[in-house]
Amino acid sequence: MPENLSFERRFSEFGPGVQPEERTQEILDVVEDFMHRWGYSVQNLIGADLTVEHLGGGPSEVPDLIFRMAALDYFEIVIRSGSGAVSYGGWLTGTLPVTVSGQQVNGRPVLLTTCREGGQIRHVFDPLSGYRPVTETTNLPLHAARRLSGEI
């Protein structure tokens with residue numbers, strides 16, 4: 001059954017009321033890495049909305065985090081493996097809502113975002129690079145196509 005994710009709090013409110021497993025140094029290291037990798041500004045992170053969702057890799061009581069970057073059509077993901085290890089989980093492009101579909105690819109659900117021009121953008125999990133848009137998407141925004149072509 002598809003489920004829309006709710007982005008209920010801002011990263012700047014990431015202190016009080018946050019579960020201990022959501023604010024480990026490992027998570028902050030991954031956040032710092034994707035900030036530098038993709039050239040985000042501090043304002044993009046401070047204004048980022050956050051959701052906590054189990055995407056199927058680690059133990060169900062240990063959440064994965066999805067950051068909706070402020071003023072941009074990007075989402076960044078921090079995931080946990082089956083052992084609970086934290087790593088970069090890839091990226092999504094598009095706007096809200098983000099939907100967890102009933103389909104699975106490589107043991108994780110397919111995620112759907114909304115394209116500003118209409119339709120949905122499908123994102124699948126790759127064990128080596130994490131989530132990313134499906135390259136055959138006809139409505140993929142140009143900025144996301146450029147980002148995909150420049151990935152290492």
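Visitor: Which residue in strand 9 stands opposite L112?
Guide: L112 stands opposite R122 in strand 9; strands here, like helices, are DSSP runs numbered from the N terminus, with at least two residues of type E for a strand and at least four of type H or I for a helix. Before we go on, this is a predicted model, in which local features need pLDDT of at least 70 and side-chain atom pairs count only at pLDDT 80 or more, while totals for chains, interfaces and linings use all residues. Residues are numbered from 1 along each chain as its sequence is written, and side-chain values use heavy atoms, with hydrogens and water left out.

Visitor: How many bridges join strand 8 to strand 9, and which way do they run?
Guide: Strand 8 (residues 108–114) and strand 9 (residues 120–126) run antiparallel and are joined by 4 bridges, where two strands are said to pair if DSSP finds at least two bridges between them. Their hairpin has 5 residues between the strands, and within this hairpin G118 takes a positive phi near 110°.

Visitor: And what about strand 9 and strand 10, how many residues lie between them?
Guide: The hairpin of strand 9 and strand 10 has 3 residues between the two, and 4 bridges join this antiparallel pair.

Visitor: Zooming out, what pattern does the chain follow?
Guide: The order along the sequence is β-β-α-α-β-β-β-β-β-β-β-β-α, which comes to 3 helices and 10 strands. Of the 152 residues, 47% are buried, meaning under 20% relative accessible area with a 1.4 Å probe and protein chains only, with exposed being over 50% and partly exposed in between. The chain exposes about 7700 Å², of which carbon and sulfur atoms supply 52%; these areas come from the Shrake-Rupley method with a 1.4 Å probe, and for residues only the protein chains shown count as cover.

Visitor: What's the mean pLDDT of the chain?
Guide: The mean is 83, and 86% of the residues reach 70 or more, pLDDT being the predictor's confidence in each residue, from 0 to 100. Among the elements, strand 10 (residues 130–133) has the highest mean at 94, whereas strand 2 (residues 9–10) has the lowest at 72.

Visitor: Which residues touch the most other members of the largest nonpolar core?
Guide: In that core of 22 residues, they are V31, F34, M35, L45, F67, M69 and V78; a nonpolar core is a set of buried Ala, Val, Leu, Ile, Met, Phe, Trp, Tyr and Cys residues joined through side-chain atoms within 4.5 Å. Two or more residues each come from helix 1 (25–38), strand 4, strand 5, strand 6 (86–93) and helix 3 (142–149), and helix 1 gives the most, with 5 residues. Another core, of 13 residues, lies apart from it and includes I79, L92, V98 and F125.

Visitor: Is I79 buried or exposed?
Guide: I79, which lies in strand 5, is buried, with a relative accessible area of 6%. Leaving out residues up to four places away in sequence, I79 touches D64, A85, V86, S87, Y88, G89, R108 and F125, a contact being heavy atoms within 4.5 Å.

Visitor: Last one: what does N44 touch?
Guide: With residues up to four places away in sequence left out, N44 touches M69, A70 and L72. N44 lies in helix 2 (residues 42–46) and is buried, with a relative accessible area of 13%. A polar atom of the N44 side chain lies 2.9 Å from the backbone oxygen of A70, where a polar contact is a pair of N or O atoms within 3.5 Å, one able to donate a hydrogen and the other to accept it within protein, and residues adjacent in sequence count only if both atoms are side-chain atoms.
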